[in-house]
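Please open the structure in your viewer and keep the selection tool at hand. The tour below goes from one selection to the next and says what is to be found at each stop.

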Amino acid sequence: MPDTPAALPLHQQISELLMREIASGRLVEGERLPPEREYAARLGTSVRTLRKALAELSQKGMLERVQGSGNYVRRNAQAESVYSMFRLELPEGGGLPRAEVLDIARLGKPADLPAFGDGAEATRIRRLRRLNDTIIAVEEIWLDGAAGGIDPARLGDSLYLYYKTHLGFWITRAEDRVTIGEVPDWAPAAFTLPPGTVTGYIERLSWAQGPAPVEFSRTWFDTARAHYVQRLI
């Protein structure tokens, strides 16, 4: 589980991964996690880092730590996750989202995009997405220019976390339209499907604290490698 200067701290990567494992049902309510040394080795981390991750889960009400017995899974639908709005999962469930920036540009808003924000310009971000180490999607995000700019050196795996920590707003809700579409011509060779291939396609409008959406995004995902999942709990 690699770490980079722009990535989430390693213990937070682990806690986010475990939160998605719990949400997907791969870790079930009441399940006892393996002993910490064994689990740390399985996750490729140190016991100290794992304990920090488990402490974070405990604070969120998603883990009960019983002295002398172990760590037990607890579901908490209200727990805040960095990836709470990331709906793609591995076919077996879960997976830690990762992102590789392909391009960032400040542009005038194209006429084919739906209305969002107040600015005449927007920042376009193109990324290659992974779950764990599996390449699953390419995405294009348009952030309204009035919301602020993006510093590529500070942008990590979670764009929504960047909005909160660097731009001072938080995405509060989103509207998704899921259908099929053709992989765009800018998709890199590393993506599993060549340009023009018909595959899963998501369009999303996202709102912050204002009445108008602040962001529009579109995602093309490999349906053999990832599924779109929406849970109502």
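This is a predicted model: local features need pLDDT of at least 70, side-chain atom pairs count only at pLDDT 80 or more; totals for chains, interfaces and linings use all residues.

Begin by colouring residues 10-73 as domain 1 and residues 88-228 as domain 2, which are the bounds that the domain assignment of the chain gives. The C-alpha centres of domain 1 and domain 2 lie 29 Å apart, and where the domains touch, seven residues of domain 1 are in contact with 11 residues of domain 2.

**Helices α1 and α3**

Next select residues 10-24, which form helix α1, together with residues 47-59, which form helix α3; these two helices pack with their axes 8 Å apart and at an angle of about 50 degrees. With that angle, α1 counts as oblique to α3, and the crossing in which α1 passes α3 is right-handed. To see the contact itself, show the side chains of L10, H11, Q12, I14, S15, L18 and M19 in α1, which meet T49, L50, K52, A53, L54, E56 and L57 in α3. By kind, the residues of this contact of α1 with α3 divide into eight nonpolar, four polar and two charged.

**Helices α2 and α3**

On the α2 side the contact is made by E36, R37, Y39, A40 and L43, and on the α3 side by V47, L50, R51 and L54. The residues of the contact of α2 with α3 comprise six nonpolar, no polar and three charged.

**The sheet**

Now move to the strands, where an open sheet of six strands, with antiparallel pairing, runs in the order β4-β5-β6-β9-β8-β7. Select residues 97-108 and residues 173-182 to find the edge strands, β4 and β7, each of which pairs on one side only. From one strand to the next, the twist averages 20 degrees.

Within the sheet, pick out strand β6 at residues 134-144 and strand β9 at residues 213-221, which pair in the antiparallel sense over seven bridges.

**A helix across the strands**

Finally, select residues 159-167, which are helix α4, and turn the view until α4 can be seen lying across β5 (121-131), β6, β8 (198-207) and β9. Relative to β6, helix α4 runs at about 35 degrees.

How values were computed:
Residues are numbered from 1 along each chain as its sequence is written. Side-chain values use heavy atoms; hydrogens and water are left out. Axes are lines fitted to C-alpha atoms, for helices over the stretch in contact, and angles run from 0 to 180 degrees between N-to-C directions. Helices (H or I, at least four residues) and strands (E, at least two) are DSSP runs, numbered from the N terminus. Angles under 35 degrees count as roughly parallel, over 145 as roughly antiparallel, 65 to 115 as roughly perpendicular and the rest as oblique. A crossing is left-handed if the near helix is turned anticlockwise from the far one by less than a right angle, and right-handed if clockwise. Contact means heavy atoms within 4.5 Å. Ala, Val, Leu, Ile, Met, Phe, Trp, Tyr, Cys and Pro count as nonpolar, Asp, Glu, Lys and Arg as charged, and the others, Gly among them, as polar. Two strands pair if DSSP finds at least two bridges between them. Domain bounds come from an automatic or database domain assignment.
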